Amino acid sequence: MIALDVQDRKIELEQHLQLLRSLACELERAMKAVAQNSLPELEDSIANQQVLSARLSKLANGLSRDFRETTAPSLAHLDRDLMRQIGVASSTLQKLNQRYSALIQHSSRSVELMVSLFSSFKGQFQEGSAPRLKHQTWSCQI
Amino acid sequence: MGGLNTSLLIGVQALEASQGALAATSNNISNANTPGYTREIVDFSENQMNDTGSAVSGGGVSLDNLQSVRDELLNLQIQNQTSLQSSVNTQYSNLQQIQSYFTNSGTDIASALTAFSTSLTQLSATPSDSAVQQNVIVSGQSLAQAFNTTAQGLSSVQSEADGQVTQTVAQINSLTAQIAQLNGQVSQLAAAGKDGGTVQDQRDELVQQLSTLTGISVTQSDGGETITTGNGTPLVMGSQSFSLQTTTDSDGMQHVLDSNGNDITSSIQGGQLGGAIQIRDQEIPGLLSQLNTLASQFATAFNAAQAQGYDSNGNAGQEFFTIPSGTAGAAAGISVAITDPSLIAVSSDGSAGSNGNVANLSAALTTALPSGQTAAGAYANMVFQVGSDTANASTQSTAIGQNLLQLTNQQGSISGVSIDEETTNLIRFQTAYEAAARIVSTIQALNTVTLDMGSTQSY
Amino acid sequence: MRINPTFVPNIIADLQQSQATLNVALQQVATGKSVSVPSDNPEASAEMVQNTIESGEVDQYTQNVTSVLGSVQSADSALGSVVTSLTQAVSYGAEGANGTMSASNQQALAQQVQAILTSVVAQANTSYQGAYLFGGTASTTPPYVASSSSPSGYAYNGNSEVNSVAVGDQLNVQTNLPGNQIFSNSGGDVLGSLSSLASALQSGNSADIATATNAVSAALNYVSQQRVFYGNAEGQLNSQETYLQQETVNLTSQQTSLVGVDMATAATNLSSAETANNAAMAAAAKVLPDTLLNYLSAPS
């Protein structure tokens with residue numbers, strides 16, 4: 001790989017930082033959507049996350065390779081503050097990701113439980129109008 | 001984005017909130033078949049925003065009470081129409097029974113009138129033939145029988161309606177007691193700031209059942225619901241219920257009294273009770289009165305025609321029909337007084353073989369009675385009345401049924417739970433979580449890369 | 001705005017409607033009637049009350065016409081024989097009045113006239129279906145019985161009453177003339193004049209015979225006039241019969257228009273109702289049991 005020009009590298013690092021922050025924001029938005037039981041909101045956030053994380057992956061891989069292949073002196077011009085910010089943002093993102101992961105797993109288990117309960121009920125679901133028809137009711141406790 | 005702690009807090013709150021939301025969904029699904037259940041939507045409020053200097057972050061969400069979606073006005077409209085339909089249906093089924101006595105069956109009054117009048121016409125041609133004379137007596141007996149059967153039929157339907165009154169009042173009292181109790185529970189919930197939820201749904205369902213029994217008026221007040229009959233007799237006030245009583249009146253019928261002992265029978269409208277009372281106290285007495293008047297006037301006219309002539313023994317004609325004195329009970333009590341054919345007053349002057357008085361006997365059927373109609377005309381009027389009352393009840397029932405369908409459609413679209421909708425949500429959640437899980441992995445992998453980036457540098 | 005997800009009541013309402021329509025169509029084909037109970041058509045049902053009674057009456061009037069026609073024709077025919085007999089008697093009388101007749105021949109004629117008297121009395125005592133036609137309203141015993149105290153040798157045992165029989169709603173037809181108006185009336189004494197002629201022929205007195213013959217002749221004219229009554233009655237009865245036939249047709253067609261059903265139309269209606277009902281049931285069967293839950297698979 002040809003070493004990146006210093007200026008280009010700076011731009012890409014800034015992009016990296018922005019992407020990290022945006023992705024973290026989307027994770028928060030997704031968690032909020034789950035709490036609000038707002039499915040469209042959640043789906044939208046996940047779509048954004050897919051795009052962001054794909055871009056981030058590609059960018060991060062590129063930068064990482066670049067650093068490995070660049071000699072130390074060329075890297076001396078790197079903005080230290082920028083790198084520090086990237087470190088912080090990355091750390092924040094990871095921790096958020098852990099929370100997010102736990103939430104998704106928990107919710108996922110609940111949904112699967114409900115699906116399996118309803119699937120196991122092989123009887124007829126007859127939809128009755130609000131106060132009129134009397135049918136068998138069964139309920140489940142989650 | 002605020003600090004890590006804020007993010008953590010948001011995460012935890014989100015976890016708790018999602019629990020509640022999923023609980024709402026599961027509640028919706030499991031109650032889809034519960035009559036009266038209104039779907040719950042999670043009512044959310046944003047927590048206060050935190051203002052922490054450089055960045056403002058949302059305070060996350062917290063779960064407020066679940067709120068049932070219902071349209072109170074729609075409920076009232078449905079109650080109203082339900083009462084009406086119940087009343088009309090009760091009347092319709094009773095009228096169908098009544099109608100059977102006025103249907104051409106061979107033993108109805110129209111058939112009997114036909115046989116009687118033709119027997120007299122035959123007598124005109126052969127006034128001295130004893131077999132023909134006998135036929136007049138037999139036809140007369142069939143006619144009296146037809147009156148008896150019709151009157152007894154009306155009375156028995158009236159009796160049934162009377163029984164329905166007693167039964168329905170007992171059911172009403174049972175329901176109002178239950179409703180009062182539930183009112184108490186709902187008030188407590190309201191005082192605690194919570195929505196009535198399933199308790200209120202249960203109560204609303206019972207109120208709906210009550211509306212099928214009698215017309216009601218429902219108002220909300222601080223103490224809860226107040227339910228009265230259409231004209232203001234209290235049935236339920238908050239957590240207190242007021243029983244109705246029945247008592248046998250001088251007319252032999254069950255009268256309905258309020259909790260103070262006042263007779264409210266004639267003011268009851270709507271519901272099975274209103275319908276039964278309408279049949280028992282209006283429709284049937286009206287028909288019986290017409291029937292009795294007809295029987296009484298006809299028998300009197302025919303007896304008078306007998307008296308104008310002489311029988312085959314040369315004696316003045318005696319009474320052919322026996323009826324009770326006074327009009328009441330005439331139809332149930334009419335019978336033929338003679339069995340000897342020679343007592344029919346065929347002769348106009350006592351001479352044997354004369355048929356001079358037969359024309360007078362026939363005229364009793366073709367001449368207008370004091371009511372202004374011939375016997376056949378008066379009966380035809382009754383047939384028309386019964387037929388159109390029955391047809392009207394049927395039409396009304398259909399029309400109200402359609403109204404109700406529309407109203408419950410509206411109610412269902414507001415309150416009903418769709419299994420399909422809820423399960424579609426489940427599937428979408430499944431899909432979203434699967435995608436989310438993959439992203440979580442991607443982000444985790446990023447960590448390594450970023451660390452790699454950092455490790456080549458020294459800060 | 002959501003639509004009502006609980007669509008079952010709508011489907012059930014539709015099914016009930018198509019079922020009800022089918023039932024009505026079936027009943028109409030089976031009974032041929034569009035009205036079985038008053039509520040089907042209250043006005044028609046009320047009109048049917050009158051139609052039923054009127055139809056019964058018209059049938060009976062028709063029967064009355066037939067039986068009265070029989071007795072009237074029978075009476076008319078009897079009087080026809082009487083006219084023939086009287087004509088014969090007159091010619092006997094004319095013969096006997098001729099001065100050239102021998103006494104024994106006159107005796108023979110007297111016997112003949114006596115025989116004519118007997119046969120006329122027999123005619124006067126005609127009965128039709130067990131009822132004597134010429135006794136006034138006294139129809140159970142012969143109107144003329146032998147009586148030594150009566151100049152003609154026969155006394156009238158009947159009465160002077162007449163009967164009118166109902167043959168229409170507003171029509172009573174007089175059906176008889178009393179015997180004493182026809183056979184032993186001062187206007188023309190059939191029996192008396194015959195008896196006198198027989199006596200005169202017996203006596204052989206030409207003047208008496210001539211007088212007696214004139215009396216018989218007068219009686220003949222009289223009877224012929226009386227007979228007109230029966231001819232008129234017959235005419236009246238015949239036209240009433242035609243009228244009643246028409247009435248029967250009218251009443252029947254009124255009945256059909258009130259409560260009957262055209263069978264071809266009823267059959268077509270039934271076919272349509274069956275098709276519609278099957279379609280409603282098929283649609284309901286498709287829609288009702290399917291919910292998404294049927295398609296959820298349990299997690300592995």
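## Basis of the model

The structure is a predicted model, in which local features need a pLDDT of at least 70 and side-chain atom pairs count only at pLDDT 80 or more, while totals for chains, interfaces and linings use all residues. Residues are numbered from 1 along each chain as its sequence is written, and chains are lettered from A, with ligands numbered from 1, in the order in which they are written.

For the complex, the predictor gives an ipTM of 0.84 and a pTM of 0.71.

## Confidence by chain

The pLDDT is the predictor's confidence in each residue, on a scale from 0 to 100. Two residues are in contact if their C-beta atoms, placed from the backbone, lie within 7 Å.

Within chain C, strand β5 (residues 164-168) has the highest confidence, at a mean of 96, and helix α1 (residues 8-31) the lowest, at 81. The pLDDT is below 50 over residues 295-300 of chain C, a stretch with eleven contacts beyond near neighbours in sequence.

## Helix spans and the residues that follow

Helix α4 of chain B (residues 130-191) contains 62 residues and spans 91 Å from its first C-alpha to its last, close to the expected 92 Å. The expected span of a helix is 1.5 Å times one less than its number of residues. After α4(B) comes B:G193, with a positive phi near 80 degrees.

In chain A, α1(A) contains 30 residues and reaches 44 Å between its end C-alpha atoms, close to the 44 Å expected. A:N37 follows α1(A) and has a positive phi, near 60 degrees.

## Packing around α5 of chain C

Helix α2 (residues 42-97) and helix α5 (residues 190-203) of chain C pack at about 25 degrees, with axes 11 Å apart; axes are lines fitted to C-alpha atoms, for helices over the stretch in contact, and angles run from 0 to 180 degrees between N-to-C directions. The angle therefore makes α2(C) roughly parallel to α5(C) (under 35 degrees counts as roughly parallel, over 145 as roughly antiparallel, 65 to 115 as roughly perpendicular and the rest as oblique). The contact includes C:V82, C:L86 and C:A89 of α2(C) and C:L194 and C:L197 of α5(C). Its residues divide into seven nonpolar, two polar and no charged; Ala, Val, Leu, Ile, Met, Phe, Trp, Tyr, Cys and Pro count as nonpolar, Asp, Glu, Lys and Arg as charged, and the others, Gly among them, as polar.

The axes of α5(C) and helix α6 (residues 206-259) of chain C come within 8 Å and cross at roughly 160 degrees, which makes α5(C) roughly antiparallel to α6(C). Among the residues making this contact are C:S193, C:L194 and C:L197 of α5(C) and C:D208, C:I209 and C:A212 of α6(C). The contact of α5(C) with α6(C) comprises eleven nonpolar, four polar and one charged.

## Packing in chain B

Helix α3 (residues 109-125) and helix α8 (residues 358-366) of chain B have axes that come within 9 Å and cross at roughly 160 degrees. This makes α3(B) roughly antiparallel to α8(B). From α3(B) the contact draws on B:S117, B:L120, B:T121, B:L123 and B:S124, and from α8(B) on B:V358, B:L361, B:S362 and B:L365. These residues divide into five nonpolar, four polar and no charged.

Technical notes. Helices (H or I, at least four residues) and strands (E, at least two) are DSSP runs, numbered from the N terminus.
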